[in-house]
Amino acid sequence: MLDNIDSAMNWQALDAAHHLHPFTDHKDLHERGVKVIERAEGVFLYDAKGNKIMDGMAGLWCVSLGYSRPELVEAAAKQMATLPYYNTFFKTTNKPAVALATKLASIAPEGLKHVFYGCSGSEAVDTALRTARVYWQTLGKPEKKIIIGREYGYHGSTTLGASAGGMVDMHRQSGDMPNFVHVIPPYWYGKGGQMSPEEFGLYAARQVEAKIKEIGADKIAAFIGEPIQGAGGVLIPPSTYWPEINRICKENDILLIADEVICGYGRLGTWFGSDYFGIKPDLMTTAKALTSGYLPLSAVFVHDRVAEVLVNETGEYYHGFTYSGHPVSCALALKNIELIESEGLVQAATQKGEVLRAKLTAALGDHPMVGEIRGIGLIGAIELTADKRTRKFFEKNGRVGTICRDFCIENGLIMRAVRDTMVFSPPLIISDAEIDEFVVLAKKSIDQTYEKVKDEVTV
Ligand code: PXG
């Protein structure tokens, strides 16, 4: 079948006829025609029409080692030939699952020594939220079940994850379970007004405290937050934010869940975002770069203080997935982590990120439509603005970002537009020459966008 459908047009037509895509307006997709991605290598994708496209997003924030690494393929193939599958439900385990858990415990922030496996970030979040509630039930406090999340937070697309996240369109389409509340994100550029970033960091954290006072700590199970909000626009909290959140959660006896699905495994120049910001999580969700996206796998890290209750007091925890601890995914993940370590990619993320931001700032810092260039390690954002001095947003939120994203694709670069914020997270293996190319393509696309919308920009 695969060999018989040869032209890009046929693939497009069949995709339109039979394939429903995630987060997609299908009518719009069918009018434009879907892009068929055929192969990929390093930081580049190749589509069926022969276009070469630089992937400035590492897939969906996940392909840290870049595409088509033979070591990862070999690790998976070897495990596939030995034990392609067995479950971990019925008092059984497999060596890759154990070896990976041991390795993860060795790189985890202090105290996070147990992991629970799933296939996706969404399953990891679902697991963390349920675990938080089971923890309080076990301790005789079943009424502690409310979860505090944040606007613009993204915690996946299961119903619990969508409810914990702060994406209003997802809430509207049945992602709004009871017992979830939301507070403002630490998004200084967009919401900080006249406050300094440090003042605003404290202000945003104290909104969590105010919410706890309003509801009562005796009803709240956990606070969940991404160290840096990725899908929400790479919102980097001011340095005052996370220490204050640590204090608030501790003082109010509320579990702290760090959703590290994007930040985990080196992207910020530390193994985890919690290391970078000094977050003290009770539960930590990870996925994506755990396998560089080559196979589905997630791991929820559980702190000793929670694990002790689960292991010694809960009895049976009625939770798990057919593929929890999948041996092939775990074998590949182990190789992936070993390569990230042996190639020094965690440290490299800091250094390459600094180079990338310095070059972006040299090329675009004075641009009338660029309000801010921010980033940590190899995750970052460029704020497009209608007025650089006042940090004013464009009238119809998201329109200018979409124009810019489309120019990027035309020019052979993938950057995501979140509202009018251009975000990037290239593979950690990106070379110096590729960083230069990224900057040239980003500048070209932003210049072209400016030509189109400059009547709306105050200079
Ligand atoms: N938590 C966070 C912080 C995420 O970023 C998930 C959970 C859910 O992971 P799964 O594997 O279930 O998708 C994510 C996923 C985007 C985009 O366009 C971001 C994600 C997924 C798809 C698209 O920015 N993040």
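# A first look at the ligand shell and the aromatic pairs

With a relative accessible area of 1%, W136 is below the 20% limit, so W136 counts as buried. Please keep in mind as you explore that this model is predicted. The ligand lies between two domains, because domain 1 and domain 2 both give residues to the shell around it. Aromatic rings are a second topic here, with a count of 14 aromatic pairs.

**Where the ligand lies**

- Which domains give residues to the shell around the ligand? Domain 1 (35-68 + 344-456) and domain 2 (71-342) both do, so the ligand lies between them.
- There are 15 residues around the ligand, and W61, G121, S122, D259 and R416 come nearest.
- Two helices each supply at least two residues of this shell: α3 (58-61) and α6 (121-138).
- By residue class, the shell is made up of six nonpolar, five polar and four charged residues.

**Contacts with the ligand**

- The side chain of W61 has an N or O atom 2.9 Å from an oxygen atom of the ligand.
- At G121, a backbone N or O atom lies 2.9 Å from a ligand oxygen atom.
- K288 faces a nitrogen atom of the ligand, with an N or O atom of the K288 side chain 3.2 Å away.
- How much of the ligand does the protein bury? Taken alone, the ligand exposes 540 Å², and the protein buries 84% of that.

- W61 is one of the residues that come nearest to the ligand, and its place is in helix α3.
- Is W61 buried or exposed? Its relative accessibility is 3%, under the 20% limit, so W61 counts as buried.
- The phi of W61 is near 65°, which is a positive value in a residue other than glycine.

**Aromatic pairs**

- A pair of aromatic rings is described by the distance of the centres and the angle of the planes.
- The count for this model comes to 14 aromatic pairs.
- Y135 and W136 form an edge-to-face pair, with 4.8 Å centre to centre and 75° between the planes.
- Y135 is buried at a relative accessible area of 10%, and W136 is buried at 1%.
- F424 and F438 also form an edge-to-face pair, at 5.3 Å centre to centre and with 65° between the planes.
- This pair links distant parts of the chain: F424 is in strand β15 (residues 421-424) and F438 is in helix α17 (residues 432-453), 14 residues apart.
- Both F424 and F438 are buried.
- Elsewhere, ring pairs link Y85, Y86 and Y323 into a cluster.

**Two residues in loops**

- You can find Y152 in the loop between β5 (146-150) and α7 (159-164).
- Y152 has a positive phi of about 65° although it is not a glycine.
- With a relative accessible area of 23%, Y152 falls between the limits of 20% and 50%, so it is partly exposed.
- T390 sits in the loop between β12 (379-384) and α16 (399-411).
- The relative accessible area of T390 is 52%, which is over 50%, so T390 is exposed.
- How far apart in space are T390 and E41? They are 42 Å apart, C-alpha to C-alpha, and 349 residues apart in sequence.

Technical notes
Residues numbered from 1 in each chain as written. Predicted model: local features only at pLDDT ≥ 70, side-chain atom pairs only at ≥ 80, totals over all residues. Heavy atoms only, no water. Near = heavy atom within 4 Å. Polar contact = N/O pair within 3.5 Å; in protein donor to acceptor, adjacent residues only side chain to side chain. Areas by Shrake-Rupley, 256 points an atom, 1.4 Å probe, with all protein chains shown as cover. Helix = DSSP H or I, 4+ residues; strand = E, 2+ residues; numbered from the N terminus. Nonpolar A, V, L, I, M, F, W, Y, C, P; charged D, E, K, R; others polar. Domains from an automatic or database assignment. Phe/Tyr/Trp six-rings, centres within 6.5 Å; stacked < 30°, edge-to-face > 60°. Buried < 20%, exposed > 50% of the residue type's maximum accessible area, 1.4 Å probe, protein only.
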